[in-house]
Amino acid sequence: MADRGAWSACFTMMQWLARLKRGFQHIDGLLVGDWLTIALCLGLILLYWPEASLGQAKKCQIRQGGQVIGVYDLDQRRRISVKGPLGVSVVQIQQGKVRFSQAPCHNQYCLQQGWLSHAGEVALCLPNQVSIILLGERGFDSLAY
Amino acid sequence: MQSIQFKITLADRQIAGLTVLAIGLHMIEASFPSPLPGVKPGIANIVVLFVLYRFGFATAASVSLLRVFASGLLFGQLFTPTFFLSLAGAIASLGVLWLAQALPRKAFSAVSVSVLAAMAHIFGQVCLVRLWLIPVPQAWLLLSPLWLTALLFGISNGLMIQALLNQLAPPHQPSTD
C-alpha cells in the first residue's frame, strides 16, 4: 500500500510538472540581449553596493548636544567619556573602529550599533545626545557628475 | 446655452480602459504588505509595457502618467512626496522606455525592456530623494539595494509581459509596429 501511495504521489507530481511546463511553454526563454542587460544591471548594482563604495574612515567626530567634543584618530586605543544629560557615555576606539561601549540610556540602541569603521557611518545616542560620525573619503562621489 | 462636446476617439477609449487596468493592478499591489518601503513589484507597469508593445510609446506614456495621477487621487496622495516619487519614477522609466524602443527585438525581449525601465524607475526616485526629500550624499546608499529588487521584479514582470505578448495574436503586421 505504501508503494502505491508513493507511486501515486510521483504520478501526481509529474502531472503537475507537465502542467507547469505547458503553462510556461510560451515563454521562449531569455534572449542574448536579455542576459546582456541583466549582466549590465548586476554590474551597476555591484559597483554602487554600499559596502564596496564606503571608504575606510580615518577619524571620528564625537558630538554632545550640538557641541563638538573632539575629532579623534581611529589608529589608537582609547576610551573617551562624554557627559550628557543622563550620565556618562563611553566611546571606545580600537584598531580603526569605534563604538559606544557604555551608555546610561534606557534602550541601549547606541551599543547595538556595534563597531563602525566606514566613512559616513553614524552612531547616535539620542537620550544622552551623543553622536559619533566617521569622517573620511567616500568612494562614489563621481556618481554626482 | 452652448454645450461643450469632446470628440472621444477610439484611442481615448483604449487609453482610458488600459489606465483603469493599470490603476486596478496598482491598488491590488498596494493592499499587499511590503517588507521595506519602496520595495514593490510594480505590476501596474506590466500594463504600461504591454501597451508600449501593442499601441506604441505615446499611448504607453499617457497610460503611465494618468495612472500616477489617478492613483494619487484615489489614495489621497496627490502632490504628497509619495506622489512625486511615483511621478519621478514614471518619468524616468518612460525616458528609458523611449530609448529602449531602439533595441533590436531579435536580441532583446520584453524582459530587457522591463528590467531597464525598473532600474530607471528606481534611479529617478533616488535622484528625487537625494535632491529633495533627504538631501544628503548618503541618500545614494539606497540606490544599489533598491536596484537589486528592481532587477528581480523587472525580470519577473518582463517574463509575464513576454508570456502575455506571445499568447495574444500578433497585431496587424503592415500598419502597426
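Figure 1. The contact takes 24 residues from chain B and 22 residues from chain A, where contact means heavy atoms within 4.5 Å. Between chain B and chain A there are 7 residue pairs in polar contact, with both residues at pLDDT 80 or more, and 0 salt bridges. A polar contact is a pair of N or O atoms within 3.5 Å; within protein, one must be able to donate a hydrogen and the other to accept it, and residues adjacent in sequence count only if both atoms are side-chain atoms. A salt bridge is a side-chain nitrogen of Lys or Arg within 4 Å of a carboxyl oxygen of Asp or Glu.

The model is a predicted one, in which local features need pLDDT of at least 70 and side-chain atom pairs count only at pLDDT 80 or more, whereas totals for chains, interfaces and linings use all residues. Residues are numbered from 1 along each chain as its sequence is written, chains are lettered from A and ligands numbered from 1 in the order in which they are written, and side-chain values use heavy atoms, with hydrogens and water left out.

Figure 2. Asp34(A) is found in helix α2 of chain A, which covers residues 32–47; helices (H or I, at least four residues) and strands (E, at least two) are DSSP runs, numbered from the N terminus. With a relative accessible area of 1%, Asp34(A) is buried, a word that stands for under 20% relative accessible area, while exposed stands for over 50% and partly exposed for values in between (1.4 Å probe, protein chains only). When its neighbours within four places in sequence are left aside, Asp34(A) is in contact with Ala107(B), Phe108(B), Ser109(B), Val111(B) and Ser112(B).

**Figure 3. Ser114(B) in helix α5 of chain B.** Ser114(B) lies in helix α5 of chain B and counts as buried, at 5% relative accessibility. The side chain of this serine, Ser114(B), reaches the backbone oxygen of Gly154(B) at 2.7 Å. Not counting residues up to four places away in sequence, Ser114(B) touches Leu49(B), Gly154(B), Asn157(B), Gly158(B) and Ile161(B).

**Figure 4. Ser71(B) in helix α3 of chain B.** A further serine, Ser71(B), lies in helix α3 of chain B, residues 57–74, and is buried, with a relative accessible area of 3%. Once residues up to four places away in sequence are set aside, Ser71(B) touches Ile23(B) and His26(B).

**Figure 5. The salt bridge of chain A.** Side chains of opposite charge can pair when their charged atoms come close. Over all chains the structure holds 1 salt bridge, and in chain A the side chains of Asp73(A) and Lys59(A) meet in a salt bridge at 3.3 Å, N to O. The pair links distant parts of the chain, 14 residues apart, with Asp73(A) in strand β2 (residues 67–73) and Lys59(A) in strand β1 (residues 59–64) of chain A. Asp73(A) counts as partly exposed at 31% relative accessibility, and Lys59(A) counts as partly exposed at 38%.

**Figure 6. Two loop glutamines of chain A with positive phi.** Gln95(A) has a phi near 50°, a positive value in a residue other than glycine, and its place is in the loop between β4 (88–94) and β5 (97–102) of chain A. At 62% relative accessibility, Gln95(A) counts as exposed. Gln129(A), although it is not a glycine, has a positive phi of about 55°; Gln129(A) lies in the loop between β6 (122–125) and β7 (130–135) of chain A, and counts as partly exposed at 44% relative accessibility.
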